[in-house]
Amino acid sequence: MMAGKIMNNRYMQLSWAMMKTGILGYGGGPSVIPLIRYEAVSNYKWIEDEEFGEILALANALPGPIATKIAAYLGYREKGTLGAIVSVLAHIIPSAVAMILLLTTVQFLSSAAFIQGMIGAVTPVIAVMLGMMAYEFGERAVKGLGKYVGFGFFALAFGLLQGIHIHPAIVILLFLGYGAFHLKTVAALQRKKKQKQLRSNQQKEGITRGMD
């Protein structure tokens, strides 16, 4: 009973969730993102999947480690400034302590066969997690923009990143700018359509009344 009350405390939830992502997020920021997404969206339901996608895009455009930026946002969203501090510390302290403890033996462990086997075994898992997340985000993009525009943007982003080698932050800012323009344009068109339909209905009502 007491354990349940403790885990229902939002600070404890933030600490436990970010601690897990910090410990299990092998390989840096990209590998941590699916873990944080699971905790924030599926496990504790702090935010919706769409909001997480927006946070991820903004975090990529800002300087600094992406995982700590997302952790800070989640903590701040749930419990303000103190929540952000707790969330970030819970995320970085376990891995920092582990790094300090293993620093003296890392040279010996890096060449060990069992360590190489662990690295080889966990890499496909991380690749699948990132692939699943990318597919889900891509599916929402296609639904929101349409099939042809969505796939066109995928090709454009791939060309900018891999062909021209533009910095990812610049590409993200360009697409964010287009997204804002797209939403504003769509909203304006929808308002005009509603106004036109309203005027048409009013004209039809006037003709009907005139005939009566």
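**First stop: a salt-bridge network**

Select glutamate 78 and arginine 10, whose side chains meet in a salt bridge at 2.2 Å, N to O. A salt bridge here is a side-chain nitrogen of Lys or Arg within 4 Å of a carboxyl oxygen of Asp or Glu. Glutamate 78 belongs to helix α5 (residues 66-102) and arginine 10 to helix α2 (residues 10-24), so the pair ties together parts that are 68 residues apart in sequence. Helices (H or I, at least four residues) and strands (E, at least two) are DSSP runs, numbered from the N terminus. Glutamate 78 counts as buried at 18% relative accessibility, while arginine 10 is partly exposed at 30%. Buried means under 20% relative accessible area, exposed over 50%, and partly exposed in between, with a 1.4 Å probe and protein chains only.

The model is predicted: local features need pLDDT of at least 70, side-chain atom pairs count only at pLDDT 80 or more, and totals for chains, interfaces and linings use all residues. Residues are numbered from 1 along each chain as its sequence is written, and side-chain values use heavy atoms, with hydrogens and water left out.

Next, select glutamate 51 and arginine 77, which form a salt bridge at 3.0 Å, N to O. Glutamate 51 lies in helix α4 and arginine 77 in helix α5, so this pair ties together parts that are 26 residues apart in sequence. Salt bridges that share partners join Arg10, Glu51, Arg77 and Glu78 into one network.

How many salt bridges does the structure hold? There are five, and another one to display joins the side chains of glutamate 39 and lysine 20 at 3.1 Å, N to O. This pair links distant parts of the chain, with glutamate 39 in helix α3 and lysine 20 in helix α2, 19 residues apart. Glutamate 39 is buried, with a relative accessible area of 5%, whereas lysine 20 is partly exposed at 22%.

Colour residues 49-61, helix α4, which has 13 residues. From its first C-alpha to its last, α4 reaches 19 Å, close to the 18 Å expected at 1.5 Å a residue; the expected span is 1.5 Å times one less than the number of residues. Its buried residues are Asp49, Glu51, Phe52, Ile55, Leu56, Ala59 and Ala61.

Where is the centre of the largest pocket to be found? Select Gly53, Ala57, Phe137, Ala141 and Phe175, the closest to the centre among the 35 lining residues. The volume of this pocket is about 1,700 Å³. On a 1 Å grid over the protein atoms alone, a pocket is an open set of points where a 1.4 Å probe fits, with protein on both sides within 12 Å along at least five of seven lines; lining residues have an atom within 4 Å of a point.

Now show α3 (29-43), α4, α7 (113-145), α8 (147-163) and α9 (168-211), each of which supplies at least two lining residues. The largest share, ten residues, comes from α9. By class, the lining has 24 nonpolar, eight polar and three charged residues.

**Last stop: two loops**

Select lysine 45, in the loop between α3 and α4. Its phi is near 55°, a positive value in a residue other than glycine, and lysine 45 is exposed, with a relative accessible area of 61%. Then move to histidine 165, in the loop between α8 and α9. Histidine 165 has a positive phi of about 65° and counts as exposed at 59% relative accessibility. Most residues other than glycine have a negative phi.

Finally, zoom out to the whole chain, which has nine helices and zero strands.

Technical notes: Points joined across faces, edges and corners; volume = space filled by probe spheres on them. Nonpolar A, V, L, I, M, F, W, Y, C, P; charged D, E, K, R; others polar.
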